[in-house]
Amino acid sequence: MGYLLKDSVSDLDELVDALTRIAEGGTVLDSRLVVELLEQRRQTDPLEAITPREREVLALMAEGRSNDGIAKTLWVTKGAVEKHIKSIFGKLDLPTTTDDHRRVLAVVTFLNAR
């Protein structure tokens, strides 16, 4: 399997090399495409600002744990968990509203980003 951008196909040596690798059972993927895909991933990662500890808290929220349950699991105080959750809500831009449940929205964001 192979995928080259049009510019790469115009370079005969690169095209022949790619076809040879594919014929031998290899895979060819244009390096510029890989860079572009990785850059796009970096720009759209909603969890990029979340710290490792906040990720742990968010993962436990996704398991359905209460703040008390998260605190016991992580050996921290309930207050520390509440601070982490408040920080998560801020970093995910989940303001307090009467229409939405921020905890559920944070978990959905976490699960979609995985």
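User: Which cut-offs separate buried from exposed residues?

Analyst: Buried means under 20% relative accessible area, exposed means over 50%, and partly exposed lies in between, with a 1.4 Å probe and protein chains only. Asp93, at 63% relative accessibility, therefore counts as exposed. This is a predicted model, in which local features need pLDDT of at least 70 and side-chain atom pairs count only at pLDDT 80 or more, while totals for chains, interfaces and linings use all residues. Residues are numbered from 1 along each chain as its sequence is written, and side-chain values use heavy atoms, with hydrogens and water left out.

User: How many helices and strands does the protein chain have, and which pattern does it follow?

Analyst: Helices (H or I, at least four residues) and strands (E, at least two) are DSSP runs, numbered from the N terminus. The protein chain has seven helices and two strands, in the sequence pattern β-α-α-β-α-α-α-α-α. Buried residues make up 24% of its 114 residues.

User: What is a nonpolar core, and which residues touch the most other members here?

Analyst: In soluble globular proteins, nonpolar side chains tend to be buried together. A nonpolar core is a set of buried Ala, Val, Leu, Ile, Met, Phe, Trp, Tyr and Cys residues joined through side-chain atoms within 4.5 Å. The largest one has 19 residues, of which Met61 and Ala106 touch the most other members. At least two residues of this core come from each of helix H4 (52–62), helix H5 (67–74), helix H6 (78–91) and helix H7 (102–113). Contact means heavy atoms within 4.5 Å. Not counting residues up to four places away in sequence, Ala106 touches Leu58, Met61, Ile88, Phe89, Leu92 and Leu94.

User: Which residues of H4 are buried, and what covers them?

Analyst: The buried residues of H4 are Glu54, Val57, Leu58, Leu60 and Met61. Their arc of only 160 degrees around the axis puts them on the same side of H4. Their cover includes H5, H6 and H7. Just after H4, Gly64 takes a positive phi of about 90 degrees.

User: Are the glutamates Glu54 and Glu56 buried or partly exposed?

Analyst: Glu54 is buried, with a relative accessible area of 4%, whereas Glu56 counts as partly exposed at 38% relative accessibility. A polar contact is a pair of N or O atoms within 3.5 Å; within protein, one must be able to donate a hydrogen and the other to accept it, and residues adjacent in sequence count only if both atoms are side-chain atoms. Such a contact, of 2.6 Å, joins the side chains of Glu54 and Ser87. Another, of 3.1 Å, joins the side chains of Glu56 and Arg53.

User: Which residues have a positive phi although they are not glycines, and where do they lie?

Analyst: Trp75 has a positive phi of about 60 degrees and lies in the loop between H5 and H6. Asp93 has a positive phi of about 55 degrees and lies in the loop between H6 and H7. Trp75 counts as exposed, at 79% relative accessibility.

Terms used:
Arc of directions from axis to C-beta.
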